[in-house]
Amino acid sequence: MSEGQKDSRAPDDARTPTPARSALSSHRPDRSAPSATSARDAHPSHLLLRLLVLLLALAAWQLAADAHGSVYFPPPSRIAHRAYELWFSGPVRHLFLTSAAFEDVLPSLGRMAAGFGIAALGGIAAGVVVGRSRWAYAVCNPVLQFARAVPPPALVPVLVVVLDFGTPMQITSIAFSAVWPVLINTAEGVRNTDPLRIDVAAVLRLGPLERLRFLLLPSALPRIFAGLRLSLSLSLILMVFSELLPGTADGIGFTLTDAQSRSDLLTVWAALLLLGVLGHLLNTALLAVERRLIGRGRTTP
Amino acid sequence: MTLRLDALGQRYGDHLVLHGIDLTVPDGQLLCVVGPSGCGKSTLLRTVAGLQPASEGTVTVDGTPVTGVPDQLAVVFQDYGRSLFPWLTVRDNVALPLRRRGLARAERRAEAERILERVGLDGAGCRHPWQLSGGMQQRVAIARALVCRPSLLLMDEPFGSLDAQTREDLEDLLLEVHRTDGATIVFVTHDIDESVYVGDRVVVLSPGPGSRVVLDLPVQLPGKRDQIGTRGLPEFVELRAEVGRAVRGAQGYPTG
Ligand SMILES: Nc1ncnc2c1ncn2[C@@H]1O[C@H](COP(=O)(O)OP(=O)(O)O)[C@@H](O)[C@H]1O
Ligand SMILES: [Mg+2]
């Protein structure tokens, strides 16, 4: 659609080597999908501004909490200190991580990685199948829309009955909740492959795997990542949620309920802080992968 | 390769696009197909390429009925921007058709570079299509079509959206390729001048619905074709007028 016009506006003087950055800025994310951080956000003055707002918010929180003096709302300095004590005051050879960090964070991350990994691979594979076949799409679409509309945590009680408490149930909850956005977005992306390019692939007589590798996946990639971003945040939600249930002995969610049962509110807040930081880091990592894969010269919708 | 259309007809639902097309393109001929927009030229090429089955009649290539995409066939599409894969470099785009020939990676690359040089794009292999001008992109598409040495080449208004200078350069590139490779070429255009300049033969289609062949004209021009000399020849002017009359007549304008 718009790509033809965009291409024809490509610089006529092709001798000047185009710097790598222009590849980045030429990537326009799908308007219907939640957009990745745009190039504008990376501008130094925006970075400074964002840092300033963050610091102001922290300062306000600190002052308000100090003035109030409530045990339920400790100031951020004390929360940060508790987090440091709990997880980041370990020996150098463990990258300053304490053994509690390994016990609390690693099981959580492991379950999340397993659930998200299953959701991503399964969602992309099923999405390609559904998106390739008009028939499969027509048949599956209502089911998919329904599955997506169910609030994911509502599934957990069902899975508890089926699988009982424990890691398999937790991983299944994560995978089963996170699979729908990837699946739906992949199917949508594959289905919207330019029909002319499908003709090109037919005329070049590409085999099914080559068609997948050189046409369907690359052209659906922006949508696939839109789905992955949604799935990642769902995975984090479900990771914590499934750890809040009884039958859990480790993980950040367990730390949360455990500290709560001991009325250790400082640790509760520290765990929340840790979750926020983790979520942000995971998101940033996914965005970096996306930039690497799509940034290079993608102009496709 | 000899291409033969017998009573070919094509319809979309109730809408009859082509009807009763009989045409034989002998091996090595460069046939130009001219016709008003919407008369079914692209549909004709898609049918020959085996991308859609004929509703009526048959298409045969060297005596074999076309059911899928024939071997040894290549297509250059009008919309170069969409027909190239933007996520691949120019070289990988051009090397893509070589995969099914089972060549090693290094051989594919070398072959792609060789063809790129031939279409005047040496050194552009590592760039991406969207970094090139329209004319260069269409050269990439031509290189991709030529890389498997097709014996039947279909081109759908390939130069339609290029500026005059680029267009003339590419017309001459096409003539050079045809002289040396000798493939059978079906070249669709809506430009009457271009059809006479490029073609060994020009076929005019009537406007739809139910387009037919209204003129089938061999083009004989003295000497090697060149942009300025050839277009000034009295023979060229006469042929162009004849094609023009057929296109206009077919469109229902007074022919006198
Ligand atoms: N996929 C399609 N479905 C229905 N009608 C079509 C389709 N493709 C083309 N047509 C119709 O067929 C006619 C011929 O189209 P086309 O072959 O693209 O003409 P041309 O290439 O000569 O401009 C047009 O009237 C067009 O609207
Ligand atoms: Mg057309």
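Tutor: The model is a predicted one. We may begin with Gln62(A), which touches Pro75(A), Pro76(A) and Ser77(A) when residues up to four places away in sequence are not counted.

Student: In which helix is the place of Gln62(A)?
Tutor: Its contacts outside the sequence neighbourhood are Pro75(A), Pro76(A) and Ser77(A). Gln62(A) and Phe73(A) are eleven residues apart in sequence, with C-alpha atoms 9.9 Å apart. The place of Gln62(A) itself is in residues 44-68 of chain A, that is, helix 3.

Student: Which residues does Phe73(A) contact, leaving aside neighbours within four places in sequence?
Tutor: Phe73(A) is found in the loop between helix 3 and helix 4 of chain A. From Leu232(A), 159 residues away along the chain, Phe73(A) is separated by 29 Å between C-alpha atoms. With neighbours within four places left aside, the contacts of Phe73(A) are Ala65(A) and Trp269(A).

Student: How far apart in space are Arg82(A) and Ala271(A), C-alpha to C-alpha?
Tutor: Arg82(A) has its place in helix 4 of chain A, residues 76-88. Beyond its neighbours within four places in sequence, Arg82(A) is in contact with Asp264(A), Leu266(A), Thr267(A) and Ala270(A). Although Arg82(A) and Ala271(A) are 189 residues apart in sequence, their C-alpha atoms are separated in space by 9.5 Å.

Student: What percentage of contacts in chain A between residues at least 6 apart in sequence join residues at least 24 apart?
Tutor: Chain A has twelve helices and zero strands. Of its 301 residues, 43% count as buried, the cut-off being a relative accessible area under 20%. Among contacts in chain A between residues at least 6 apart in sequence, the share joining residues at least 24 apart is 71%.

Student: What percentage of residues 105-290 of chain A is helix?
Tutor: An unreviewed UniProt entry annotates residues 105-290 of chain A as "domain: ABC transmembrane type-1". The end C-alpha atoms of this span are 25 Å apart, and its strand content is 0%. The helix content over residues 105-290 of chain A is 86%.

Student: How far apart are the end C-alpha atoms of residues 266-289 of chain A?
Tutor: The unreviewed UniProt entry gives "transmembrane region" for residues 47-64, 112-131, 220-241 and 266-289 of chain A. Residues 220-241 of chain A are 100% helix and 0% strand, with end C-alpha atoms 31 Å apart. Residues 266-289 of chain A are likewise 100% helix and 0% strand, and their end C-alpha atoms lie apart by 35 Å.

Student: Are helix 7 and helix 8 of chain A parallel or oblique to each other?
Tutor: Helix 7 (residues 155-163) and helix 8 (residues 167-191) of chain A pack with their axes 10 Å apart, at an angle of about 140°. Angles over 145 degrees would count as roughly antiparallel. Helix 7 of chain A and helix 8 of chain A are therefore oblique.

Student: What is the handedness of the crossing in which helix 7 of chain A passes helix 8 of chain A, and how many nonpolar residues has their contact?
Tutor: The crossing of helix 7 of chain A with helix 8 of chain A is right-handed. Helix 7 of chain A contributes Leu155(A), Val156(A), Leu159(A), Val160(A) and Leu163(A), and helix 8 of chain A contributes Pro168(A), Met169(A), Thr172(A), Ser173(A), Phe176(A) and Ser177(A). By class, the contact of helix 7 of chain A with helix 8 of chain A has no charged residues, three polar and, for nonpolar, eight.

Student: How do helix 5 and helix 6 of chain B lie, and how many charged residues has their contact?
Tutor: Helix 5 (residues 134-146) and helix 6 (residues 164-181) of chain B pack at about 15°, their axes 11 Å apart. That angle makes helix 5 of chain B roughly parallel to helix 6 of chain B. Gly135(B), Gln138(B), Arg139(B), Ile142(B) and Leu146(B) of helix 5 of chain B meet Thr166(B), Asp169(B), Leu170(B), Leu173(B) and Val177(B) of helix 6 of chain B. The contact of helix 5 of chain B with helix 6 of chain B has five nonpolar residues, three polar and, for charged, two.

Student: Is Leu95(A) buried or exposed?
Tutor: Leu95(A) has its place in the loop between helix 4 and helix 5 of chain A. Its phi is near 55°, a positive value in a residue other than glycine. With a relative accessible area of 69%, Leu95(A) is exposed.

Note on methods
Residues are numbered from 1 along each chain as its sequence is written. Chains are lettered from A and ligands numbered from 1 in the order in which they are written. This is a predicted model: local features need pLDDT of at least 70, side-chain atom pairs count only at pLDDT 80 or more; totals for chains, interfaces and linings use all residues. Side-chain values use heavy atoms; hydrogens and water are left out. Axes are lines fitted to C-alpha atoms, for helices over the stretch in contact, and angles run from 0 to 180 degrees between N-to-C directions. Helices (H or I, at least four residues) and strands (E, at least two) are DSSP runs, numbered from the N terminus. Angles under 35 degrees count as roughly parallel, over 145 as roughly antiparallel, 65 to 115 as roughly perpendicular and the rest as oblique. Contact means heavy atoms within 4.5 Å. Ala, Val, Leu, Ile, Met, Phe, Trp, Tyr, Cys and Pro count as nonpolar, Asp, Glu, Lys and Arg as charged, and the others, Gly among them, as polar. UniProt positions are given in the numbering used here, feature names are shortened, and annotations may be inferred rather than shown by experiment. Buried means under 20% relative accessible area, exposed over 50%, partly exposed in between (1.4 Å probe, protein chains only). A crossing is left-handed if the near helix is turned anticlockwise from the far one by less than a right angle, and right-handed if clockwise.
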